[in-house]
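The sequence and structure are shown first.

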Amino acid sequence: MLKKLLQGAALMAAVTTSMLHAAPHELIIDTDPGADDLVALFLAMASPGELNIRAITTVAGNVRLEKTARNARLAREWAGREDIPVYAGAGRPLVRVPIYAAEVHGEEGITGVQVHEPKQGLAAGNAVQYLVDTLSAAKPHSITIAMLGPQTNLALALIQQPGIAQGIKEVVVMGGAHFNGGNITPVAEFNLYADPHAAEVVLASGVKLTYLPLDVTHKLLTSDTRLKQLSAVNNRASKQVVDILNAYIQHDMQLYGMPGGPVHDASVIAYLLKPEMFSGRQVHMSVDSREGPTFGQTVADWYGVLKQPANVMWVEEGDAQGLFDLLSERLARLP
Ligand code: BDR
Ligand code: CA
């Protein structure tokens, strides 16, 4: 009981402190949990002062929709944030044949922890309709979308009602790769490869876009020291994150021979919380959706050789230790 009261007080203190600063982002998190999505969700749900999470919308991606929707509800249950509605959305990409990433995230979509059917169900209605309704009723440029999976839900909403772009302040995408090369093909990153046509629709809508590609997420790696730092938080959420990461990072460490593993989607939330930890360039970007070896590739014109107007902020550098400090600090607020 005392523990719960103290946790409540810590969250309230966080709210009050940040209220003295800027107004919170009105945020929708679109996601396909996903081990790193789950870490991102924890980070976001532990930050109510800066992020007013209107809803979590789920999409097929790392695993099938039923599992991503269940995992989002599990994240919410574990974080004690059942006040946030979870809507299930698209069960398959716009055009291409569905692909999944169970070899990276496990058959259940989350590695290293036991999953169960959460107590609370999904919100009534479809995520795509939720996006249409919410964004069309929103004040101009007021809602931020954290895009942690394939962009299918938002693309479908934009196709159904292009005018909803007016409600969007910014879409912050985990996706793409330029300097780094790909993680699902030599040139394509998973989220873009899983639905490049959807990414093209979002790009063509003209909404403000920020991309956090593999170029930056592969610089924000775990290490033994950083995992120990998370363990030292010593609550259920930090233990879950460490267990998840210990299992999840193996695949990438082996594949790339890197000393640690990336926590891709958590970077999007960190970017919203502390943009000063990141840097990049406004560039012109296009997505290749033609069949062939470059399917799903993002072409970022880093040097401006095409002389085309910039259409995305391409983030290239980030503060790795800053990310893990932030994650440790915020996990301490969770059960
Ligand atoms: C992205 O693909 C997914 O497997 C991860 O959850 C992340 O969103 C990394 O390429
Ligand atoms: Ca994801």
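## Ligand surroundings

In this predicted model, 15 residues lie around ligand 1, and those that come nearest are Gly34, Ala101, Phe190, His264 and Asp265. By class, this shell is made up of six polar, five nonpolar and four charged residues.

Three helices each supply at least two residues of the shell around ligand 1: H2, H7 (190–194) and H12 (264–273).

## Helix H2

Helix H2 spans residues 35–45. Eleven of its eleven residues are buried.

## Nonpolar core

The largest nonpolar core holds 102 residues. Helix H2 gives the most to this core, contributing nine residues. In general, nonpolar side chains tend to be buried together in soluble globular proteins.

The residues with the most contacts inside the core include Leu41, Phe42 and Leu43, together with Ala146, Val202, Val268 and Ile269. Apart from its neighbours within four places in sequence, Val202 is in contact with Gln151, Leu154, Ala155, Leu158, Val171 and Val207.

## Annotated domain

An unreviewed UniProt entry carries the annotation "domain: Inosine/uridine-preferring nucleoside hydrolase", which covers residues 27–324. In the model, that span is 37% helix and 17% strand, and its end C-alpha atoms lie 22 Å apart.

Methods
Residues are numbered from 1 along each chain as its sequence is written. Chains are lettered from A and ligands numbered from 1 in the order in which they are written. This is a predicted model: local features need pLDDT of at least 70, side-chain atom pairs count only at pLDDT 80 or more; totals for chains, interfaces and linings use all residues. A nonpolar core is a set of buried Ala, Val, Leu, Ile, Met, Phe, Trp, Tyr and Cys residues joined through C-beta atoms within 7 Å. A residue is buried if 20 or more other C-beta atoms lie within 10 Å of its own, exposed if 12 or fewer, and partly exposed in between; C-beta atoms are placed from the backbone. Helices (H or I, at least four residues) and strands (E, at least two) are DSSP runs, numbered from the N terminus. Two residues are in contact if their C-beta atoms, placed from the backbone, lie within 7 Å. UniProt positions are given in the numbering used here, feature names are shortened, and annotations may be inferred rather than shown by experiment. A residue is near a molecule or strand if its C-beta atom, placed from the backbone, lies within 6 Å of it. Ala, Val, Leu, Ile, Met, Phe, Trp, Tyr, Cys and Pro count as nonpolar, Asp, Glu, Lys and Arg as charged, and the others, Gly among them, as polar.
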